[in-house]
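Subject: A structure for you to look at

Hello,

I am handing over the structure that I have been working through, and I would be glad if you kept it open while you read. My notes on it follow below.

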Amino acid sequence: MFVVVAVTGGIAAYKTVHLVRRLIGDGHEVHVVPTEAALRFVGLPTWEAISRHPVTTSVHDDVATVRHVSLGQRADLVIVAPATANTLAKMAAGIADDLLGTTLLATRAPVVVAPAMHTEMWSHPATVANMATLRERGVYVVGPAEGPLTGGDSGAGRMSEPDDIADYALGLVAASADLAGRRVLVTAGGTREPIDPVRYLGNRSSGRQGVALALAAADRGAEVRLIAAHVEADVLAPARTHPRIVVSHAGTALDLQRATTDAAATADVIVMAAAVADYRVAEVSEGKLSRHGTDGTRTLDLVANPDIIAGLAAGRPADQRIVAFAAETASGDDLLERARMKRERKGVDALAVNEVGWDRGFESAANEVILIGTDGAVLTRVAGTKREVADALWSALLPTLP
Ligand code: CTP
């Protein structure tokens with residue numbers, strides 16, 4: 001495997017020497033990318049000697065090989081150890097002012113960071129926010145561990161031990177291909193049902209969970225088709241550039257039905273995370289409705305939209321798996337009961353349910369989901385960022401796939 005080990009400016013850099021040796025000992029090709037600050041702790045000759053490859057911090061060396069992107073493009077795995085608060089902040093902002101920054105932007109391989117800093121820096125709101133951004137983007141985090149720190153103080157902030165980092169990162173890559181060869185169809189976001197040329201009936205779905213499911217599947221090797229109803233451009237952006245995701249759009253429930261029915265023919269797994277409007281306006285007005293001339297009320301006639309997923313489930317081939325989503329304003333046993341009944345009603349293989357309310361479940365980075373299987377059994381319960389939820393759902397679904 002082609003592994004990039006990025007080293008940033010922390011005292012724990014000396015432990016990363018062991019990490020590089022361990023990876024090489026396991027038979028991997030390792031390229032070290034230090035920052036300038038890292039070289040104050042462990043010098044360039046050490047990295048070159050143990051990795052047996054040239055090492056530089058600059059995007060201006062070895063330009064003929066387009067090194068600033070080639071390392072990231074070739075990497076099967078990138079480990080940042082130690083990851084300082086400064087580097088984590090730069091990663092969160094996408095800053096690429098050195099070889100490490102460009103490599104991280106160019107790679108589509110799993111990225112593992114092993115933070116190392118003093119407890120105060122680790123718990124600072126800026127670092128907490130940066131870590132949340134990185135986790136949401138799918139960056140994996142190992143540690144930090146608790147224990148004595150360099151200043152004689154003690155607490156959370158020690159870089160994890162090199163062997164623990166290696167075990168975690170290598171295990172991840174093995175798992176990261178577990179959906180290879182699978183064709184996955186994901187729908188995301190809320191449909192918008194037009195009333196007139198400027199108004200619509202919509203819902204609060206942001207599409208984040210669906211996009212996270214698409215990204216997680218693609219990162220794990222699947223070929224993904226993502227059909228987006230209404231999803232904000234910045235939420236959709238990472239899916240657009242992923243090499244294994246094809247994005248298309250479907251604005252209304254009827255559009256979504258057409259698009260998913262077409263795409264379903266070539267899908268092994270369908271995950272219907274889109275929030276589909278149950279009703280559409282019976283007669284869409286050609287012109288903008290005016291309140292002038294009304295008696296202060298207006299009645300819209302609504303007609304039911306087709307239940308897309310129930311239709312797909314009824315006509316699916318035996319080896320296709322279909323997963324529904326449900327957002328319910330219930331909790332505890334009531335939530336589970338509704339989920340079980342809805343799964344049966346839709347005839348799907350699994351249903352992921354989460355509790356929503358006026359102030360929970362929407363427009364947030366975090367989510368809490370229970371996945372119900374065919375016999376109504378709970379396959380997994382997971383709380384975390386939408387990306388963590390997505391990965392946990394795929395891990396739970398995997399054993400149920402043919
Ligand atoms: N769904 C669908 N077509 C619809 C409505 C919903 O395919 N017309 C899918 C959603 O994408 C989701 C699942 O069905 O995967 C559950 O959505 P939900 O809105 O909870 O289901 P409803 O059928 O609307 O159930 P109810 O109104 O009884 O809560």
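At 3% relative accessibility, does Gly210 count as buried or exposed, and why? Gly210 counts as buried because its relative accessibility is 3%, where buried means under 20% relative accessible area, exposed means over 50%, and partly exposed is in between, with a 1.4 Å probe and protein chains only.

Before going further, please keep in mind that this is a predicted model, in which local features need pLDDT of at least 70 and side-chain atom pairs count only at pLDDT 80 or more, while totals for chains, interfaces and linings use all residues. Residues are numbered from 1 along each chain as its sequence is written, and side-chain values use heavy atoms, with hydrogens and water left out.

The overall picture

The protein has 402 residues, of which 50% count as buried, and its C-alpha atoms fill a box of roughly 80 × 50 × 45 Å along the principal axes. Its secondary structure comes to 14 helices and 19 strands; these are DSSP runs, numbered from the N terminus, with helices being H or I of at least four residues and strands being E of at least two.

Helix H9

Gly210 is found in helix H9, which covers residues 208-219 and reaches 16 Å from its first C-alpha to its last, close to the 16 Å expected at 1.5 Å a residue; the expected span is 1.5 Å times one less than the number of residues. Ten of the twelve residues of H9 are buried, so this helix is largely enclosed by the rest of the structure, and among those buried residues are Gln209, Val211 and Leu213. After H9 comes Gly221, whose phi is positive, near 105 degrees. The C-alpha atom of Gly210 is also separated by 8.0 Å from that of Met272, although these two residues are 62 apart along the chain.

The ligand

A backbone N or O atom of Met272 lies 2.7 Å from an oxygen atom of the ligand, and for Ile309 a backbone N or O atom lies 2.8 Å from a ligand oxygen. Arg345 contributes a polar side-chain atom, 3.2 Å from an oxygen atom of the ligand. On its own the ligand has 570 Å² of accessible area, and the protein covers 77% of that; accessible areas come from the Shrake-Rupley method with a 1.4 Å probe, and for residues only the protein chains shown count as cover.

Salt bridges

The structure holds 19 salt bridges, each being a side-chain nitrogen of Lys or Arg within 4 Å of a carboxyl oxygen of Asp or Glu. One of them joins Lys15 and Glu161, whose closest N and O atoms are 3.3 Å apart. Lys15 lies in helix H1 and Glu161 in the loop between strand E7 and helix H8, so the pair ties together parts that are 146 residues apart in sequence. Lys15 is buried at 12% relative accessible area, whereas Glu161 counts as partly exposed at 36%.

A further salt bridge is formed by Arg183 and Asp268, with 3.0 Å between the closest N and O atoms. Arg183 lies in strand E8 and Asp268 in the loop between helix H11 and strand E13, so this pair ties together parts that are 85 residues apart in sequence.

Backbone details

Two cis peptide bonds deserve a look: the bond from Ala81 to Pro82 has omega near -5 degrees, and the one joining Gly143 and Pro144 has omega of about 0 degrees. Pro82 lies in strand E3, while Pro144 is found in the loop between strands E5 and E6. Strand E3 also holds Ile79, which counts as buried at 0% relative accessibility. Finally, Arg52 has a positive phi of about 60 degrees although it is not a glycine, and Arg52 counts as exposed at 64% relative accessibility.

Best wishes

Methods
A polar contact is a pair of N or O atoms within 3.5 Å; within protein, one must be able to donate a hydrogen and the other to accept it, and residues adjacent in sequence count only if both atoms are side-chain atoms.
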